[in-house]
Structures are given as C-alpha cells and as structure tokens.
Amino acid sequence: MKKILKFGSDKFELYLSEELIQKRIKSLAQNINRDYKGRVPIIIGILNGSFIFMSDLIRNIKIDCEVDFLKLSSYGDAKISSGHVTLLKDLNATIGGRDILVVEDIVDSGLSIDFIKRLISLHNPKTFRIVSLLYKKQALKIDVKIDYIGFSIPSYFVIGYGLDYEQKQRNLSAIYKLIDDKKK
C-alpha cells in the first residue's frame, strides 16, 4: 500500500524514499570529493529549497570547502515557475578566481540556473559547476548543463526534503509527488 499524504485538496504519494535519497547523496559527494581534491570550493546553496540537500551533501563532502547562500524567487506559492527570477539575497563571499559549486534542490525550467550562472560569471570564478538533487529535463525552457544530478525525474510536482507546498512541507524526510486525480 502506497503512503498517501493530503495537503489542501491535493494528494501526494511517496516518490523517493529517505534511504534512496541518502544513498544518492553519498554517491554525489564521492564524485565531488574526487573532482575537487586539493581544492577549496565555495559551495553556494540556493535558498530556500536546497538547504536540507546541501546540509546532507556537505556532511558527506570530505574536502575543505566554504559555504554561502543565494536566495532567489521564481515560484511564489505556485506549482509552476512564474518565469521571472528575482534575487532576494546576494552572496557574502568573494568568489572571483574561486571554484564555485552551486547546490540546487531542483532544476526544471532552467531559468534560475541561467540567472545564477550569469550572476556568478560577472565575478570571474575559476570554475563553475552545479549539483542538483532533482532534474526535470522535459521541463527545460533554457538548456543548462548540470554537472552532478541526483535524480532525473519527469515533470511531476514534488514536495518534501526541502521542496515546498505553499512554503510548507519542506521538512518531510522523503520526496512525494502530486497524484493527478484526473487520471484516476
């Protein structure tokens, strides 16, 4: 029997278990440890969604690193991106000439990543890479390169593990997908 959660009039079913997520994060961290050996990257989390993923990822990264955050807005309380990206919190770190690893919870339209890449490139980083827990290739409006992908998923609306439902449900330890009642 599938675990079903209900929020408002929407129902969600378990999509990625906590155990599966943690196993994949360890694998991503191993790749990052290998690729950044002998370097000290600045790992930049994109708030609010990436904070849980980034926290678990950082605990599995064994190289020295620095941490900073950007906060963007492209969703508001909607289930799809508005198509307009706004910077709400800028970096505190000096990133010129540094190795940059951006941590995203989900890449769907590509608009936020494109915005971040353009913003960071103004500072002339040494390298720029992206790690995203979830990647919705079919939803891309702008082709962006993601260097480390946790899970490629269809264009589902998902919540939990940092991903929100009207700014709530980020604290779920697993990821749930919206059940489309029209298909039932």
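Predicted model: local features only at pLDDT ≥ 70, side-chain atom pairs only at ≥ 80, totals over all residues.

Student: OK. Leaving aside neighbours within four places in sequence, what is serine 112 in contact with?
Tutor: Leu72, Ser74, Val85 and Glu104. Serine 112 itself lies in helix α3, residues 111–121.

Student: Is serine 112 buried or exposed?
Tutor: Buried. Its relative accessibility is 15%, and the cut-off for buried is under 20%.

Student: Switching to rings. How many aromatic pairs?
Tutor: The count is 6. One of them joins phenylalanine 7 and phenylalanine 12, tilted, with 5.8 Å centre to centre and 55° between the planes. Both of these phenylalanines are buried.

Student: What about phenylalanine 12 and tyrosine 165?
Tutor: Edge-to-face: 5.5 Å centre to centre, 85° between the planes. Phenylalanine 12 is in strand β2 and tyrosine 165 in the loop between β9 and β10, so the pair ties together parts 153 residues apart in sequence. Both residues are buried.

Student: Which residues form the cluster?
Tutor: Phe7, Phe12, Phe157 and Tyr165 form one aromatic cluster.

Student: Last thing. Where does the charged end of lysine 177 sit?
Tutor: Over the ring of tyrosine 156, 4.1 Å from its centre. Arginine 129 has its charged end over the ring of tyrosine 36, 5.3 Å from the ring centre.

Terms used. Residues numbered from 1 in each chain as written. Heavy atoms only, no water. Helix = DSSP H or I, 4+ residues; strand = E, 2+ residues; numbered from the N terminus. Buried < 20%, exposed > 50% of the residue type's maximum accessible area, 1.4 Å probe, protein only. Contact = heavy atoms within 4.5 Å. Phe/Tyr/Trp six-rings, centres within 6.5 Å; stacked < 30°, edge-to-face > 60°. Lys NZ or Arg CZ within 6 Å of the ring centre and 35° of its normal.
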